[in-house]
Amino acid sequence: MAKAKTNPLAAALARADEPKAEQQAPAVAATPSSAPTQDAKSGRKDRANTVLIGGHFPPEVKQALRMLAAEENTTSQALIGEALNMLFVKKGKGKVL
């Protein structure tokens, strides 16, 4: 009589459901701090209290933006911020950034 094969995926899932003491992180008390908070997803302090604004454009737009940023020794993000401020002023909203 042939032995029934065990499904490796089912076996791995069953092992993953078993609690393991070494995988549990110790509880850490939260202490208030004056340091900037970190973005929950990326962990970067410089992205705390910000949101991503994006759009889909042809590859040439990305290349032109990066070239302009390099020529002006700045970042694409800074140039986009400058462009958004110009748009807000033009539309009567004033500078936002």
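Biologist: Where is Asn49 found?

Modeller: In this predicted model, Asn49 is found in the loop between helix 1 (8–17) and helix 2.

Biologist: What makes Asn49 count as exposed?

Modeller: The relative accessible area of Asn49 is 80%. Exposed means over 50%, so Asn49 is classed as exposed.

Biologist: What is the phi of Asn49?

Modeller: Phi of Asn49 is near 60°, which is a positive value in a residue other than glycine. Asn73 also has a positive phi, near 55°. Asn73 is located in the loop between helix 2 and helix 3.

Biologist: Why does Asn73 count as exposed?

Modeller: Asn73 has 74% relative accessibility. The cut-off for exposed is over 50%, and Asn73 therefore counts as exposed.

Biologist: Which helices and strands does the protein chain have?

Modeller: The protein chain has 3 helices and 0 strands, and the pattern along the sequence is α-α-α.

Biologist: Why are helix 2 and helix 3 called roughly perpendicular?

Modeller: Helix 2 (residues 59–71) and helix 3 (residues 76–90) pack at an angle of about 100°, and their axes are 9 Å apart. Angles of 65 to 115 degrees count as roughly perpendicular, so the two helices are described as roughly perpendicular to each other.

Biologist: Which residues meet where helix 2 and helix 3 pack?

Modeller: From helix 2, Leu65, Arg66, Leu68 and Ala69 meet Ser76, Leu79 and Ile80 of helix 3. The residues of this contact comprise 5 nonpolar, 1 polar and 1 charged.

Biologist: What makes the pair Arg44 and Asp46 a salt bridge?

Modeller: The side chains of Arg44 and Asp46 meet at 2.6 Å, N to O. A salt bridge requires a side-chain nitrogen of Lys or Arg within 4 Å of a carboxyl oxygen of Asp or Glu, so the pair qualifies as a salt bridge. A search of the whole structure finds 1 salt bridge.

Biologist: How many residues are in the protein chain, and what percentage of them is buried?

Modeller: The protein chain has 97 residues, and buried residues make up 5% of them. The protein chain exposes about 9,500 Å², with 58% of this area supplied by carbon and sulfur atoms.

Note on methods. Residues are numbered from 1 along each chain as its sequence is written. This is a predicted model: local features need pLDDT of at least 70, side-chain atom pairs count only at pLDDT 80 or more; totals for chains, interfaces and linings use all residues. Side-chain values use heavy atoms; hydrogens and water are left out. Axes are lines fitted to C-alpha atoms, for helices over the stretch in contact, and angles run from 0 to 180 degrees between N-to-C directions. Helices (H or I, at least four residues) and strands (E, at least two) are DSSP runs, numbered from the N terminus. Angles under 35 degrees count as roughly parallel, over 145 as roughly antiparallel, 65 to 115 as roughly perpendicular and the rest as oblique. Contact means heavy atoms within 4.5 Å. Ala, Val, Leu, Ile, Met, Phe, Trp, Tyr, Cys and Pro count as nonpolar, Asp, Glu, Lys and Arg as charged, and the others, Gly among them, as polar. Buried means under 20% relative accessible area, exposed over 50%, partly exposed in between (1.4 Å probe, protein chains only). Accessible areas come from the Shrake-Rupley method with a 1.4 Å probe; for residues, only the protein chains shown count as cover.
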